[in-house]
Amino acid sequence: MNDIVVYWRPGCMFCAALLRQLDKHGVPHRRVDIWSDPKAAARVRELAGGNETVPTVTIGTSALVNPDIHGVLALAADRAPHAVPNDYEPPQPGRLSRWIQAKLSRPS
């Protein structure tokens, strides 16, 4: 089974926001504090181009650096579908996004 692992550190507001969202949606995950685990910190540096950028999320062999909840759930839908809530619906593009897409897809 592909577990969702969230590498985080205390005091990181981006980590706190992602962890709150994961809890809110009932997404099963394991938390690893990179300040308490030197091997985890090394893993994050490996995944984030030498930086200790958190949150970093792994699902199986795939990794996301500083993702939002929708990025995590999109990857989980492919790698760990058991972790995606049945009632989760990805955000739909807004009016501006639809307009831009229409302009970009229009033939010249």
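Select E46 and R43. Both sit in helix α2, residues 38-47. Three residues separate E46 from R43, about one turn of the helix. Helices here are DSSP runs of H or I with at least four residues, numbered from the N terminus.

This is a predicted model, where local features need pLDDT of at least 70, side-chain atom pairs count only at pLDDT 80 or more, and totals for chains, interfaces and linings use all residues. Residues are numbered from 1 along each chain as its sequence is written, and side-chain values use heavy atoms, with hydrogens and water left out.

Stay on E46 and R43. Their side chains form a salt bridge, 2.7 Å from N to O. The term requires a side-chain nitrogen of Lys or Arg within 4 Å of a carboxyl oxygen of Asp or Glu. Side chains of opposite charge can pair when their charged atoms come close.

Now colour by accessibility. Buried means under 20% relative accessible area, exposed over 50%, partly exposed in between (1.4 Å probe, protein chains only). E46 is exposed at 59%. R43 is partly exposed at 27%.

Next, select E52 and R45. Here the salt bridge spans 2.4 Å, N to O. E52 is partly exposed at 36%, and R45 is partly exposed at 32%.

Then pick R31 and D23. Their side chains meet in a salt bridge at 2.7 Å, N to O. R31 has a relative accessible area of 40%, partly exposed. D23 is also partly exposed, at 45%.

How many salt bridges does the structure hold? There are four.

Notes. Helix = DSSP H or I, 4+ residues; strand = E, 2+ residues; numbered from the N terminus.
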